[in-house]
Each structure stands twice: as structure tokens, then as C-alpha cells.
Amino acid sequence: MDDRGRLAQSVKGTARRRLGGSSAGSGFARAAHAAIQRALCLARLLDRWSPRLAVWLPRRIGVAATAALMLASVGYGAIKGGHVPILVGAVTETLDQLGNAAGFRIVSISLAGNRHVTREEVLAGAGITGTSSLLFLDVERVRERLRANPWIADAAVLKLYPGELQIAIRERVAFALWQKDRRLSVIADDGTVLEPYVAPALIELPLVVGAGAQGRAKEFLALLDRHPALRGFVRASVLVGERRWNLRLKNGIDVELPEHGVAPALETLVRVDHEKRLLSRDIASIDLRLPDQVTVRLSEAAAQARIELLKDKPRKKGGNA
């Protein structure tokens with residue numbers, strides 16, 4: 001058998017061994033096998049016609065054409081069958097094996113900047129395993145994969161040949177808790193959901209409630225920070241209709257704020273409380289939605305007590321004219 005026949009036979013055997021052993025890629029294996037069979041048919045056809053074509057075709061054109069058709073057929077089969085990830089994984093594994101054989105196996109990984117994200121999560125997110133090769137590691141691809149983690153705002157990846165990898169990440173800061181549809185999440189100051197649960201160490205973060213509250217929390221809480229005493233009274237900041245905020249205080253009082261002019265309304269609330277100790281009284285709500293007007297609604301117990309007090313108060317006797 002000539003060189004072309006031996007090459008085709010070798011590729012055929014190798015493809016069967018590589019693609020036939022994985023149950024996950026069985027569909028892709030069948031498609032690749034069919035592509036190889038078509039390529040072998042072309043090789044035999046070229047063998048038959050090569051003496052007649054040898055006058056004007058370059059040497060080894062059959063081998064090159066067979067390899068090109070095989071690659072094209074395998075690529076088409078992978079795309080058509082939805083097996084591209086399997087093909088990419090196989091290519092990556094092969095490259096890593098070649099790089100490791102050349103002495104570029106990753107033997108040392110230094111990690112800095114992680115606090116909420118564990119080392120295992122960073123390596124898994126980066127796609128780095130015990131068989132990864134430094135030679136064929138795509139630094140930009142690793143950075144993109146790391147930034148897909150909500151906690152990681154940015155990452156720097158440095159390769160130090162022959163086998164050292166350095167990763168430095170910058171995490172987002174847990175800014176507040178966000179409640180929507182009775183589900184509680186940890187968010188960053190830009191509204192990014194960092195975790196769909198709350199760790200005990202983060203339970204004291206300020207709480208914002210309602211649809212859209214996560215994106216507007218930074219601006220509103222900055223206004224509250226101007227009044228530390230009031231901020232200490234607040235249990236939750238509730239966004240109503242994605243338009244305006246209410247405050248739910250720790251003693252159960254609701255403070256209704258206007259859609260516009262929130263800063264002056266907060267200043268009015270602080271001033272009235274300083275003058276009249278308003279937030280310490282037995283009231284249900286404070287309405288600040290109208291400018292320069294404070295409306296207070298008593299609690300049910302306080303309202304009933306006031307009614308009883310008015311009943312017991314003696315009326316003035318009227319005289320004859």
C-alpha cells in the first residue's frame with residue numbers, strides 16, 4: 001500500500017479509538033466516522049486517478065485533499081450535530097497534552113484578592129485543571145470566564161514560564177440586601193446580585209425592597225447617610241411602584257417620601273423629630289409627600305386613647321343670651 005493508503009488507514013484507526021470511547025460524544029463520534037469514511041472514499045478515488053493526473057498535479061495532492069476534506073467534514077458534522085463543545089474540548093485536551101509533554105505543565109498557581117470566592121471556585125471558573133498547560137492557556141479567555149462570576153469585578157492573569165500562573169482578582173463589595181417576591185439577595189452598589197442567599201456575616205447590611213430597588217439603592221442610601229441618626233432608625237427602604245421610596249422604621253412607623261425632592265423631605269423629618277421627638281411617639285405613619293407639610297396618622301391604640309380622652313373631657317356649659 002502506498003503512502004496515501006497508510007495515512008488514511010492510520011487516521012481511520014486513530015479516529016475510531018478517540019471518538020468511539022466516550023458515551024457523551026457518541027453522536028459526534030458517529031458523525032465524525034461518517035466524515036472519515038467519505039474522506040477515505042475520496043482517497044481511493046484519487047489513488048485510482050493519480051497516474052493520469054500526475055502530469056499536472058503537485059506531489060502529495062491526494063493526501064492534502066483528503067486531510068482538508070476530512071477536517072471540513074468533521075467540522076460540518078460537529079456544527080450540524082451540536083457537538084462543537086465536545087470538539088473544542090477534545091482539541092484543548094490534545095493541546096494541553098502536547099504542551100505538558102514539552103515541559104509547560106502548570107505546577108504552581110498563586111491567587112490573590114479573593115475573599116468571598118474560594119480558590120476552588122476561581123480555578124473552576126477559569127477552567128484550569130491538573131492537566132492544563134501554560135503554553136496554550138488563553139489569558140484573555142481566562143479573564144472573561146472569571147468575570148462571569150458576579151463576585152469578580154476584574155481579574156489579572158500572568159503566565160510565568162515554564163509552569164507558574166499568577167491570578168489576582170478584584171471582588172465587588174457587598175453593598176446591601178435586596179428583597180423581591182420574598183426572596184433575599186446580596187447586591188453590589190451597581191445592583192449586581194452577588195449571592196441569592198445571605199451569609200450570617202452580611203445580615204447587618206441595609207435592606208432595600210421592591211422591583212427596581214437594587215438599581216437605585218446606591219443613590220437613595222447615600223441620601224440617608226447624610227443623617228446617621230435617622231439611618232439608625234431605618235429597618236428597610238421600600239421602593240413603591242418603582243417611583244418613590246418609603247421608610248419602614250424599626251418601631252413600625254412608615255414614612256412616605258415624595259417622588260421628587262427626597263433630600264429636603266428627609267431634612268424636614270430630621271428637624272421635626274429633633275423638635276418634637278416625632279419618631280418616638282405612638283404613631284403609625286408620617287406622610288411627607290407634600291412639600292412643607294407633615295401629616296401624621298396615629299396608631300390604632302393611640303387613636304382610641306385620644307377618643308376616650310375626648311369623651312371624658314367635660315364640655316363647657318353654655319349660658320343664655
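Phenylalanine 136 is partly exposed, at 37% relative accessibility; in these terms buried is under 20% relative accessible area, exposed is over 50%, and partly exposed is in between, with a 1.4 Å probe and protein chains only. This is a predicted model, and local features need pLDDT of at least 70, side-chain atom pairs count only at pLDDT 80 or more, and totals for chains, interfaces and linings use all residues. Residues are numbered from 1 along each chain as its sequence is written, and side-chain values use heavy atoms, with hydrogens and water left out.

Phenylalanine 136 sits in the loop between helix H5 (119-126) and helix H6 (139-147). Helices here are DSSP runs of H or I with at least four residues, strands are runs of E with at least two, and both are numbered from the N terminus. Together with Leu95, Leu98, Leu135 and Tyr161, Phe136 makes a nonpolar surface patch of about 450 Å². A patch takes residues with over 30% relative accessible area and no salt bridge; like charges are joined within 9 Å, and nonpolar side chains (Val, Leu, Ile, Met, Phe, Trp, Tyr) within 5 Å. The areas come from the Shrake-Rupley method with a 1.4 Å probe, and for residues only the protein chains shown count as cover.

One member of that patch, Tyr161, brings me to the aromatic pairs. How many does the structure hold? There are two. Rings of Phe, Tyr and Trp (its six-membered ring) pair if their centres lie within 6.5 Å; planes under 30 degrees apart are stacked, over 60 edge-to-face, and the rest tilted. Phenylalanine 104 and tyrosine 161 have ring centres 5.8 Å apart and planes at 90°, so this pair is edge-to-face. Phenylalanine 104 lies in the loop between helix H4 (84-101) and strand S1 (108-112), and tyrosine 161 in the loop between strand S2 (152-160) and strand S3 (164-171), so the pair ties together parts 57 residues apart in sequence. Phenylalanine 104 is partly exposed at 23%, and tyrosine 161 is partly exposed at 48%.

The rings of phenylalanine 220 and tryptophan 245 have centres 4.4 Å apart and planes at 10°, so that pair is stacked. Phenylalanine 220 is in helix H7 (residues 213-224) and tryptophan 245 in strand S9, 25 residues apart. Both residues are buried.

Strand S9 takes us to the sheets. Five of the six residues of S9 (residues 244-249) are buried, so the strand is largely enclosed by the rest of the structure. The open sheet of nine strands has the order S6-S5-S4-S7-S8-S9-S10-S11-S12, with mixed pairing; two strands pair if DSSP finds at least two bridges between them. Strands S6 (193-195) and S12 (295-298) stand at the edges with a single partner strand each, so one side of each has no neighbour in the sheet. From one strand to the next the twist averages 30°, where axes are lines fitted to C-alpha atoms (for helices over the stretch in contact) and angles run from 0 to 180 degrees between N-to-C directions.

Strand S8 (residues 234-240) pairs with S9 in the antiparallel sense over six bridges, and alanine 236 stands opposite arginine 248. The two strands form a hairpin with three residues between them, and glycine 241 in the turn has a positive phi of about 60°. On to S10: S9 pairs with S10 antiparallel over three bridges, with aspartate 254 as the bridge partner of arginine 248. That hairpin has four residues between its strands, and its turn contains glycine 252, with a positive phi of about 95°. S10 (residues 254-256) and S11 (residues 283-287) run parallel, joined by three bridges.

There is also an open sheet of three strands, in the order S1-S3-S2, with mixed pairing. S1 and S3 pair in the parallel sense over five bridges.

Last, the salt bridges. The definition is a side-chain nitrogen of Lys or Arg within 4 Å of a carboxyl oxygen of Asp or Glu, and the count comes to 13. Which residues are linked in a network? They are Glu140, Arg143, Arg147 and Asp154. Glutamate 140 and arginine 143 have their closest N and O atoms 3.2 Å apart; both lie in helix H6, three residues apart. Arginine 143 also meets aspartate 154, at 3.0 Å, N to O. Aspartate 154 is in strand S2, eleven residues from arginine 143. Arginine 143 is buried, at 18%, whereas glutamate 140 is partly exposed, at 44%.
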